[in-house]
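Here is a short walk through one protein chain. Keep the sequence and the 3D view side by side as you read.

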Amino acid sequence: MTKSGNNLPRWVVAALLTLAIINFIAITLSATTRWDPWSNPDAEHYLHIARRIGAGKGFTSRGPDQFHPDRWMTHHPETARNPLFPYLLSLVAGPDEGFVVRARLLNIAVSVILLVAMFLVGRRLVGERAALVGVIGLSLVDCLIYLGGEAMVEPLLAVWFLSFSFMAVNISQGPKYWLAAGIFAGLAWLTKGTGLLLVVAFVVMALLSRLSTKRAAAAVGGVVAAFLLIGSPLMVRNIYYYGDPLYNANTRHTMWMDSFDTPGGGWTMLYDESTRPSRSRYLATHSAQQILSREATGLPYSLYWLMQAHAIRIPKLHSWVRAVVGGPVLVLALIGLVGERRRNAAVLMWFVLGASWLSVAWYHAIGRCVYLWFFLLPLLFLYAGAALVRLGDGRLRKLLGGATPALAVVIFAIVVAGGQVYAWRNVPRSPFVPPPIPVSTRLAHQWQIAHIAESDVVFGRDIDRTETYIPNYRNFSDFQQAARRFGVRYLVIDTHFFQARRHIFAGYIKAKGKRLALHTPMPGWELVYQTPREVPENQPHYLIFERLPPGVGGLPRLRLLFRPRWAIPARYAGTYRYPPRGDGHRGAYVRKKR
């Protein structure tokens, strides 16, 4: 699409851009006060890895590694994430709870860089007016507010994709643009496996460009060389551990699952070499009709999620309402893309959009995938801005005359002020204060620090409260076999995990609201910690078990049956007492450190 209209006065551009950024920062900060940082498994995993990097343990994780369970049991190289974002978070990492706040602020800064880069790139691609409209639109989108305010990788990936796209569409400008495109593609791949798609997109664009065959080949060679240079550290690591320089756990295993969390299926299959999903195994066990049916079923879901991704932030909206709100923005973006007259830009965007639509459609069987679309949103909003300016700017200027820019600033300032009043009403706490930790969680955390060693295999909430996934086994017997195979020593069950795995443990554990209690001895496991009765019932409760050696246990543990249902058995209490904290908690007896 050709650039839109004349440029705006400098003060108008500066005022609107500043208002958009300030509005985004303020709304995101207010939203973070209502989020639990441990409710998003992806965000907590990034925090977990960053903490380990900051502590000098490298790009590693703790707990059973579902992709190589027989090779690494506890301290193992990370397999499911790419390293750049965790290393960025490690710059502000620490063992204190303030790390969550610092990580969020860092990602908000990355999101602000994304908005500024979007304006600078958009001004060259679609014109200043369209770029400004696109930036304002994206700054109000719920996707950016959530992903920018959490420890999520997508804003950083979007920065690299936006930069890559600008360099790639200028392929005819010479080698410096080829090398820059390769560098940004490499940075995108170090951030997330999606980055590999950018290299493929560049090759397709170069082949369909008006460049001569020789010059197109040189451009592809420059991009690939720069990509290999930037991505070489991760490639060397992948060759060392997996024998494949481009290894990615999601494309190698996860995307070939039929479901995410069905009992005995989904993620559980990853823990067994004989059932671990792979492309060859999937193609051998599924007919062409089943494969096409899965893809065809996912296509409308993929489009539905793309529409949701364009929705502005309106709290408490149902997902289908978000899709209705975001749908017109997507239509404008597609109109802008249809009007794109530069072959390189059109080929690049349509190829990436089509490939993403097909891949997200395939993933629909595994889970909800709205955020897989995010890296494309900046460019889609730029094209939506271009279409909007082309359709409405002339009519608006004819109606309002020279007052249009000033009036736009005044109206947007009023909207921003009203939005801030609504966003900051009744915020539960300051966004610069770490989220409050329930007393029950703090006590369980302190017990784990005192008793669980780095070499111990843990199922449940790990020492830093990160989820160590409990596979969704069909029954308790399957769980027991897996625990023996992995050498699990401790099992940490909180209210959340019990609700998700009730069918495994319901024969031994009972729940009363959020309170958990062992009502029947669990074969092969000894209860070593239980949330004290003094803790309020509205907080998550914890049971921690230690796996007994074979042949140990039996009649002595039946004493539990004769204790009051919600009492702490005497044999599991010690003489060490956590002192009162002054916040209504009276302290807690726990087992002594051995």
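A residue counts as buried when its relative accessible area is under 20%, as exposed when that area is over 50%, and as partly exposed in between. The model shown here is predicted.

Start with helix 14, residues 319-338. Several of its residues are buried, among them Arg 322, Ala 323, Gly 326 and Gly 327. Further along, Leu 330, Ala 333, Gly 336 and Leu 337 are buried too. How far apart should the ends of helix 14 be? At 1.5 Å a residue, its 20 residues should span 28 Å. Its end C-alpha atoms are 28 Å apart, which agrees. The helix still bends, by about 35° at Gly 326. A proline, Pro 328, follows within four residues.

Now turn to helix 6, which covers residues 142-149. Cys 143 has its place there. Is Cys 143 buried or exposed? Its relative accessibility is 5%, so Cys 143 counts as buried. Leaving aside neighbours within four places in sequence, Cys 143 is in contact with Gly 148, Ala 309, Val 370, Tyr 371, Phe 374 and Leu 377. Take Val 370 from that list. Cys 143 and Val 370 are 227 residues apart in sequence, yet 8.4 Å apart in space, C-alpha to C-alpha.

Aromatic rings come next. The structure holds 21 aromatic pairs. One of them joins Tyr 146 and Tyr 371. These two rings are stacked, 5.6 Å centre to centre, with 20° between the planes. The pair links distant parts of the chain, 225 residues apart. Tyr 146 belongs to helix 6, while Tyr 371 lies in the loop between helix 15 (343-363) and helix 16 (377-400). Tyr 146 counts as buried because its relative accessibility is 16%. Tyr 371, at 27%, counts as partly exposed.

The charged end of Arg 81 sits over the ring of Tyr 46, 5.0 Å from its centre. Arg 294 lies over the face of Trp 362, at 4.0 Å from the ring centre. Elsewhere, Phe 476, Phe 479, Phe 505, Tyr 508 and Trp 525 form one aromatic cluster.

Finish at strand 8, residues 525-530. Six of its six residues are buried, so strand 8 is largely enclosed by the rest of the structure. Five bridges join strand 8 to strand 9, residues 542-547, and the two run antiparallel. Within this pairing, Gln 530 stands opposite Leu 543 in strand 9.

Key. Residues numbered from 1 in each chain as written. Predicted model: local features only at pLDDT ≥ 70, side-chain atom pairs only at ≥ 80, totals over all residues. Heavy atoms only, no water. Phe/Tyr/Trp six-rings, centres within 6.5 Å; stacked < 30°, edge-to-face > 60°. Buried < 20%, exposed > 50% of the residue type's maximum accessible area, 1.4 Å probe, protein only. Lys NZ or Arg CZ within 6 Å of the ring centre and 35° of its normal. Expected span 1.5 Å × (residues − 1). Bend = angle between axes of the 7 residues up to and from the residue. Contact = heavy atoms within 4.5 Å. Pairing = 2+ DSSP bridges.
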